[in-house]
Amino acid sequence: TLLLSSEYFFQHISELANHFPTAEFLAYLRFPLEVAESSYNQGIKRHGEVRALGLPQEPRTYQLEVLDGLINKLGGQRFLLRPYHKQCFVDENLLSDFVSAVEPSLLEDENLNLPREFVNTSYSLEALELKRWLNQFTLGALQQPIDHFLQRYKQGTMEYSVIPPAQFQKYKSSFVEKLSAFCLKNNVHNSEVFINACMETKQKPYIKQQIDNDRFIDVFIAMLNANPELGIAMQDMFSKKNSFEGIRRYPERIALIQDAFSISMRVSYFQHRVKRRLFGTTV
């Protein structure tokens with residue numbers, strides 16, 4: 001058995017099905033309302049998004065529409081469909097559920113130690129808004145260390161939604177209806193529990209998608225203190241005037257950031273830079 005796992009393959013299922021006539025495809029279905037916010041947050045974290053969240057007037061279930069078309073084309077027997085929801089997972093663990101779908105007997109192996117911690121954890125609102133502002137710059141190699149810090153920054157607002165409540169309810173009703181129709185048509189594992197869980201979904205506290213400059217600079221300074229190497233690179237970036245071209249959102253924050261590089265911090269960064277050049281050390 002050859003197991004290939006990547007979200008990338010979702011766009012290439014037809015091609016893979018042609019090359020591998022006996023291949024089966026395991027697809028996890030997530031409540032589309034969760035997908036909407038999660039995909040947007042992912043756009044900020046990984047893909048340079050700078051805009052505030054904006055949803056179309058009419059709800060669309062793009063992933064379900066594509067998947068339904070593929071099932072019609074390739075045949076339902078080639079698809080294993082499972083809910084992406086803790087209440088539906090085997091042992092309430094995504095990895096256990098994945099293993100049970102691929103090879104259930106592996107779960108009986110006493111040496112199988114599946115981690116339970118989250119990967120690719122969510123940003124706090126403050127971290128998300130800092131990253132959205134920084135996306136106005138060409139971050140290049142800074143992208144990874146910034147993300148590394150912000151995923152672990154757990155201060156501020158962790159439970160929140162940026163979808164207006166009225167729009168949330170409209171989308172929820174539409175998505176439950178569309179998801180129910182999909183599950184009725186296709187063989188989705190544990191679908192009844194999944195639909196009920198989606199119907200019971202409650203919105204996290206609604207918060208307007210912005211933070212003030214004080215909270216912004218607090219997170220920025222915490223990031224610099226946590227990673228001196230990143231601080232050096234950020235200081236270099238913010239010392240170049242051409243870096244500021246096209247910065248339209250909160251341009252006054254540039255001056256706040258430059259002020260954040262206090263004399264003591266500059267001395268620390270200078271010492272770290274000298275040590276790095278002399279000994280090749282990194283943090």
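## Second largest pocket

Helices α2 (32-46), α3 (62-74) and α7 (165-185) each supply at least two residues to the lining of the second largest pocket. Of these, α2 gives the most to that lining, with 5 residues. The model is predicted.

The volume of this pocket is about 360 Å³. Its lining has 18 residues, and those closest to the centre are V35, A36, S39, L55 and P56. By type, the lining divides into 11 nonpolar, 4 polar and 3 charged residues.

## Salt bridges between helices

Side chains of opposite charge can pair when their charged atoms come close. The whole structure holds 11 salt bridges.

One of them joins D147 and R46, with the closest N and O atoms 2.8 Å apart. D147 sits in helix α6 (residues 143-152) and R46 in helix α2, so this bridge ties together parts that are 101 residues apart in sequence. D147 has 9% relative accessibility, so it counts as buried. R46 counts as partly exposed, because its relative accessibility is 32%.

K185 forms a salt bridge with D68; here the closest N and O atoms are 3.1 Å apart. This pair also links distant parts of the chain, with K185 in helix α7 and D68 in helix α3, 117 residues apart. D68 counts as buried, at 18% relative accessibility. The cut-off for buried is under 20%.

## A helix-strand bridge

D97 and R82 form a salt bridge, and their closest N and O atoms are 2.7 Å apart. D97 belongs to helix α4 and R82 to strand β2 (residues 79-83), 15 residues apart.

Are these two residues buried or exposed? D97 is buried, because its relative accessibility is 1%. R82 is buried too, at 9% relative accessibility.

## Salt-bridge network

Salt bridges also link E126, D212 and R215 in a network.

## Nonpolar surface patch

Which residues form a nonpolar patch on the surface? They are V90, L106, L107 and L112. Together they have about 280 Å² of accessible area.

L106 lies in the loop between α4 (94-102) and α5 (125-134). Its relative accessible area is 42%, so L106 is partly exposed. A patch residue needs over 30% relative accessible area, so L106 passes that cut-off.

Notes
Residues numbered from 1 in each chain as written. Predicted model: local features only at pLDDT ≥ 70, side-chain atom pairs only at ≥ 80, totals over all residues. Heavy atoms only, no water. 1 Å grid on protein atoms, 1.4 Å probe; cavity = no way out; pocket = protein on both sides within 12 Å on 5 of 7 lines; lining within 4 Å. Points joined across faces, edges and corners; volume = space filled by probe spheres on them. Helix = DSSP H or I, 4+ residues; strand = E, 2+ residues; numbered from the N terminus. Nonpolar A, V, L, I, M, F, W, Y, C, P; charged D, E, K, R; others polar. Patch = residues over 30% accessible without salt bridge, like charges linked within 9 Å, V, L, I, M, F, W, Y side chains within 5 Å. Areas by Shrake-Rupley, 256 points an atom, 1.4 Å probe, with all protein chains shown as cover. Salt bridge = Lys/Arg side-chain N within 4 Å of Asp/Glu carboxyl O. Buried < 20%, exposed > 50% of the residue type's maximum accessible area, 1.4 Å probe, protein only.
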